[in-house]
Amino acid sequence: MSTSIAPLDGRFSPELLPLPQPPEMPNPDYAVVGRSIRRKNVLIAFISATLALVLLTVLAFHAYVAWLLAYPYVASLGSDPKTAKGLDYENVTFPSRSGRTTVSAWFIPAADRDGALSESRRTIVFSHGYGANREETWVPMYDLAELLHRLNYNILMFDYGYASEQYRAPATGGWEESQQLLASVDYAKSRGAEDIIVWGFSMGAGTALQAALYTDQIDAMILDSLFLPSSDTLFSNVTQFVNLPKFPSKLLIEAMLPLWTGTTVNRIPSGQIMNKTYDMPIYVIHGTEDAKAPYQTAEQIGSRQSNPLSRTWIVPGGQHELLYRAHPKEYIQRAALFLSQVDQNRTTAGA
């Protein structure tokens, strides 16, 4: 029999200390663990679904805004030249220069002072603004048509595709609209016009400048409240109706537009137009209080023109497309003087 002897200091040798016992582990409750995992998965799924719904809502909203830009609300035609001013007219249609769309128009033949039809070789083509049709009542277009008719001009009033009741087409910022305007010029030529003046309003004025890049058949232009579409100007006009952050709304709207229009904002030659010196005489008319199109753009375009008959009239306090209403007498005097000088110059050159 062996005996162990403790050390004299009363402490046990390390070899003789009892081994520590591991703590007792509780039996896992698998049901509780499963419920916890399921709750986490449900929470993750809910957050993911919410984020996806928010993203889809944002995309759908901006797609809707882009659709509104492509298909703006335009009131139906409320009258016609005969009803409004007693002017005889013809309903005419013709394909756009591109062949992608169809243009509907009114052709008002010139008449002499007694009201009898006359064979005038001069035609005014009205180029209406965005969100309006050929009547553009707030200008008002019928009043101008009556005045020009007295001056022995033929008049062509047509609808851009986005304003057409019969041949609806998306607004493209001038890309396809310029082709529709070129077709209107072609039609005026086919009716015997030798001198063609395009009188544009707002985006119709910007479209006139686009069309003039591709033809030499336009002899002069009057540009009232010139609106030149670009990424920034389009977004600026959108924010007048709905408050949107520039980022990411501007990029999203630009990305969505091709879905409805088949083209991009980058195809609009705004930069080229801003720096273009046109051969024809151009009369730029713009107001300093234009909330849709900055008058500085009109000033810059006007300053680039070198034709001796070109001029710019910046109207203090003038608002978008309301310049004729605000100053009817001066507006007509200035426009009539410009037209007479253009006519005289053409007559002298042809002599």
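**Entry 1: the whole chain**

I began with burial and noted that 46% of the protein's 351 residues count as buried. Buried means under 20% relative accessible area, exposed means over 50%, and partly exposed lies in between, with a 1.4 Å probe and protein chains only. I noted that this is a predicted model, in which local features need pLDDT of at least 70, side-chain atom pairs count only at pLDDT 80 or more, and totals for chains, interfaces and linings use all residues. Residues are numbered from 1 along each chain as its sequence is written, and side-chain values use heavy atoms, with hydrogens and water left out.

I looked up the accessible surface of the protein, which is about 18800 Å², with 57% of it belonging to carbon and sulfur atoms. These areas come from the Shrake-Rupley method with a 1.4 Å probe, and for residues only the protein chains shown count as cover.

I then counted 11 helices and 8 strands. Helices (H or I, at least four residues) and strands (E, at least two) are DSSP runs, numbered from the N terminus. For contacts, meaning heavy atoms within 4.5 Å, I took pairs of residues at least 6 apart in sequence, and 74% of these contacts join residues at least 24 apart.

**Entry 2: helix α4**

I turned to α4, which covers residues 177-190. Its 14 residues reach 20 Å from first C-alpha to last, close to the 20 Å expected at 1.5 Å a residue. The expected span is 1.5 Å times one less than the number of residues.

How many residues of α4 are buried? I found 11 of the 14, so the helix is largely enclosed by the rest of the structure. Among them are Leu181, Leu182, Val185 and Tyr187, but also Glu177, Gln179 and Gln180. What do the buried residues of α4 pack against? I listed β1 (90-95), β2 (102-108), β3 (122-127), β4 (154-158), β5 (195-201) and α5. Just after α4 I came to Gly192, which has a positive phi of about 95 degrees.

**Entry 3: helix α3**

I listed the buried residues of α3 (residues 141-150) as Met141, Tyr142, Leu144, Ala145, Leu148 and His149. Seen down the helix axis, they fall within an arc of 160 degrees, so they line one face of α3. The arc is that of the directions from the helix axis to the C-beta atoms. Asn152 follows α3 and has a positive phi, near 70 degrees.

I also checked the loop between β3 and α3, where Pro140 lies. The peptide bond joining Val139 and Pro140 is cis, with omega about 0 degrees. Glu136 is found in that loop too. Its phi is positive, about 35 degrees, although Glu136 is not a glycine. Is Glu136 buried or exposed? I put Glu136 down as buried, because its relative accessible area is 1%.

I found another cis peptide bond from Phe247 to Pro248, with omega near 10 degrees. Pro248 is placed in helix α7 (residues 246-261).

**Entry 4: strands**

I followed β1 and β2, which pair in the antiparallel sense over 6 bridges. Two strands pair if DSSP finds at least two bridges between them. Which residue of β2 is the bridge partner of Asn91? I found Trp106. The hairpin of β1 and β2 has 6 residues between the strands, and Gly99 in this hairpin takes a positive phi near 85 degrees.

I went on to β5 and β6, which run parallel and are joined by 5 bridges. Gly200 has Leu223 in β6 as its bridge partner. In β6, 5 of the 5 residues are buried, so the strand is largely enclosed by the rest of the structure. I noted Ala220, Ile222 and Asp224 on one side and Met221 and Leu223 on the other.

Ser202 lies in the loop between β5 and α5. I recorded a positive phi of about 55 degrees for Ser202, which is not a glycine. At 6% relative accessibility, Ser202 counts as buried.

**Entry 5: Asp216**

I ended at Asp216, in the loop between α5 (203-211) and β6 (220-224). Asp216 is exposed, with a relative accessible area of 62%. The C-alpha atoms of Asp216 and Met280 are separated by 8.7 Å, and the two residues are 64 apart along the chain.
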